[in-house]
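The structure to read alongside it is shown here.

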Amino acid sequence: MKKVYFDSAATTKLRNEVIYCMSEALKTEFGNPSSTHSYGRSSKSLLENSRKEIAQHLNVSAAEIIFTSGGTEADNLILHSCVNDLKVTRIISSKIEHHAVLHCIDVLEKKNGVLVEYVNLDECGHIDFTHLEELLKDATHKTLVSLMHVNNEIGNILDLKRTALLCKKYNTYFHSDTVQSVGHFELDFSEIPIDFAAVAAHKFHGPKGAGFAFIRKNTGLRALIHGGSQERGLRAGTEAVYAIAGMAEALRISYLHLEKERAYITELKDYFKSRLLEEMPDVSFNGACDDNNKSTYTLLNVCLNLPPEKGMMLLFQLDLKGIACSQGSACQSGSTTGSHVLNSVLSEEDRVKPSLRFSFSSFNNKEEIDYVVDVLKEFSAK
């Protein structure tokens, strides 16, 4: 059976160079990086060199990179610590954030009494900056703004610098979930006055279970996980040295080949879009994902003009044909409520139609796209 993987927004395939890097670390760097003997010092050296390399890609200091188990932990560390340590009493966010942020905010609202306000969105899911500024003008509360850079379902891109400067203007902390953008877009945090960001390695061909929080120095955040004094006292627990080394290598390669791979993947996305419109002209695209100037080049969220009862079997039928993609995000698989992102941006008419997210990487090709379009066309015609 032909196998096609179009779900890179959920997780990416490991690069061979990353596998080799991690294998070498597993074989040779088994010392605890907190130990003072030679084995520990060797592991510590690999850990800190990985931190320095990661920091260079974002143009920040190594001390501002705190290793975590992934993006969800990084988001939770930042949000909880902002409330507990920085005494934030209000969080401004949007209703199309990742659940790592939304569910965390919900807990902070219920348990800590934090005021939560949501910025308005336009019909494509873009932030209404006029409304955001209106919210920021209220100086009653110490405020944190939490808005993701690239939406994981519809691909909308937030103007990160504009948002950060607006927050700075009103003396407000700014956190962004950059899980879908680091490794795919150039980000210079010396030019973007963001305070906090969350990153996951498995979104840019690195290992699962590794990520980091960017925490601007002197912000005053403290640990969420307590125990040892690892990660400058901000994240207790022995670091996964081999996974962190793999993450650093994955990020290095991603930025080394960024221009070439971005051009290649953009061409794939445009080809997929044109083939869909050619064979199934009644399809539509959710959010702004069909506009490469307003959305990431790595995904396309497609609304198919099919009845709901047919849509219920669509993912199953695609899987039988060896095609992997997503209906909503991978983190909410099994949910019967549908995508909270699509529910926020689609009309009532389109909400009942099946929508699929196809996300691409440099490992894909046009032959795979042709196969997927043929399968979709065949299924739609039945």
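## Salt bridges in the model

A salt bridge is taken here as a side-chain nitrogen of Lys or Arg within 4 Å of a carboxyl oxygen of Asp or Glu. In this predicted model, the count by that rule comes to 22 salt bridges.

## Pairs between distant parts of the chain

Arg-232 and Glu-48 meet through their side chains in a salt bridge, at 3.8 Å from N to O. This pair links distant parts of the chain, since Arg-232 is in the loop between β8 (211-215) and α7 (241-256), whereas Glu-48 belongs to helix α2 (residues 38-58), 184 residues apart. Arg-232 is partly exposed, with a relative accessible area of 46%, while Glu-48 counts as buried at 16%.

A salt bridge also joins the side chains of Lys-377 and Glu-279, with an N to O distance of 2.6 Å. Lys-377 lies in helix α13 (residues 366-381) and Glu-279 in helix α8 (residues 258-279), so the pair ties together parts that are 98 residues apart in sequence. Lys-377 is partly exposed at 39% relative accessible area, and Glu-279 counts as partly exposed at 22%. Elsewhere, salt bridges that share partners join Lys-44, Glu-48, Arg-51, Glu-231 and Arg-232 into one network.

Glu-249 forms a salt bridge with Arg-252, their closest N and O atoms being 3.0 Å apart. Both residues lie in helix α7, 3 residues apart, which is about one turn of the helix. Glu-249 is buried, with a relative accessible area of 17%, whereas Arg-252, at 31%, counts as partly exposed.

Methods:
Residues numbered from 1 in each chain as written. Predicted model: local features only at pLDDT ≥ 70, side-chain atom pairs only at ≥ 80, totals over all residues. Heavy atoms only, no water. Helix = DSSP H or I, 4+ residues; strand = E, 2+ residues; numbered from the N terminus. Buried < 20%, exposed > 50% of the residue type's maximum accessible area, 1.4 Å probe, protein only.
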